[in-house]
Amino acid sequence: MIPRARALLSMALLALPLAAQDFSQVQVEKAAHGFRYTEGPVWSREGYLLFSDVPAGKIMKHAPDGATVVYRDTSNGASGNALDAQGRLYTCETHARRVTRTDKKGRIEVLADKWDGKRLNAPNDIVVAKSDHVYFTDPAFGNQQDTRELDFYGVYHITPKGQLSVIARPTGRPNGITLSPNGRILYVANSDERNIRAYDVGHDGEVSGERVFVSGIDGIPDGMRTDEKGNLYVAARGIAVYTPEGRPLATIPLGETPSNCAFGDPDFQTLYITARTSVYRIRLDVKGSVQY
């Protein structure tokens with residue numbers, strides 16, 4: 001094979017994985033329904049999906065065979081959830097205005113509930129890096145606005161040693177939060193500005209280089225996840241998909257407005273979507289990025 005032909009073939013082979021997923025052909029299935037407002041999906045390596053029913057104050061457990069049962073009956077208005085490599089569950093409890101961690105024996109530890117002596121607004125979404133650094137958003141929606149003690153909306157960082165710091169105080173309300181596949185970029189959705197900001201994550205877990213990654217989002221951006229190629233999936237008006245460079249790739253329509261999403265199933269190629277009263281799933285040709 002001549003060098004030019006070999007080079008063209010190599011370029012074509014490299015492009016195949018990027019073009020493999022045809023989003024126009026994906027099938028949306030309803031996995032579970034009958035809830036009040038679903039949020040915070042996260043896949044456990046033990047083989048099931050956890051998600052919140054926020055107004056009901058419950059965390060639910062959904063198995064691939066379709067069975068859905070109550071995982072935690074009193075969740076204090078749990079919204080966002082995340083897991084670490086040890087299988088510990090991190091939860092944003094909006095009603096209790098705190099972030100907790102539950103170990104494998106069910107013991108609950110409060111990781112954050114105050115900043116500078118004042119109660120948090122209402123922690124909303126959370127992500128845990130492989131390095132055990134934790135990041136969460138603290139907006140305030142609805143009547144949460146009336147009971148605020150802090151005069152700002154925050155994005156927070158908790159170190160593995162439990163030290164809490166504010167990494168951003170946006171004008172608009174921060175909402176969904178996630179990391180790139182290598183954990184070096186932190187993404188934060190802003191509901192009021194309808195954009196997504198990106199931050200560089202250092203080896204010490206600190207962030208820098210704030211910039212707008214995507215702007216002018218159709219709908220209110222909420223929860224987010226990345227796949228192994230670095231594409232970003234945003235719950236907004238449907239699931240909006242962006243390339244690692246921030247270019248629109250596709251929009252997956254749904255029958256209900258989505259609030260969040262998470263990759264799951266043993267092969268990590270199913271995107272689970274929480275949307276109002278239901279949980280949906282979509283099989284993809286790409287795996288989700290694994291942070292734990």
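Buried means under 20% relative accessible area, exposed over 50%, and partly exposed in between, using a 1.4 Å probe and protein chains only. With that in hand, welcome to the tour.

This is a predicted model, in which local features need pLDDT of at least 70 and side-chain atom pairs count only at pLDDT 80 or more, while totals for chains, interfaces and linings use all residues. Residues are numbered from 1 along each chain as its sequence is written, and side-chain values use heavy atoms, leaving out hydrogens and water.

Our theme is the salt bridge: a side-chain nitrogen of Lys or Arg within 4 Å of a carboxyl oxygen of Asp or Glu. Searching the whole structure turns up 16 of them.

**Stop one.** Select aspartate 113 and lysine 114, a salt-bridged pair with the closest N and O atoms 3.9 Å apart. Aspartate 113 is partly exposed at 31% relative accessibility, and lysine 114 is partly exposed at 43%.

**Stop two.** Now pick glutamate 29 and arginine 281, whose side chains form a salt bridge at 3.8 Å, N to O. Glutamate 29 sits in strand E1 (residues 28–33) and arginine 281 in strand E26 (residues 278–283), so this pair ties together parts 252 residues apart in sequence. Strands (E) are DSSP runs of at least two residues, numbered from the N terminus. Glutamate 29 has a relative accessible area of 38%, making it partly exposed.

**Stop three.** Finally, select arginine 197 and glutamate 210, a salt bridge with its closest N and O atoms 3.3 Å apart. Arginine 197 belongs to strand E18 (residues 195–201) and glutamate 210 to strand E19 (residues 207–214), so the pair ties together parts 13 residues apart in sequence. Is arginine 197 buried or exposed? Arginine 197 is buried, at 18%, whereas glutamate 210 is partly exposed, at 45%.

Conventions
Helix = DSSP H or I, 4+ residues; strand = E, 2+ residues; numbered from the N terminus.
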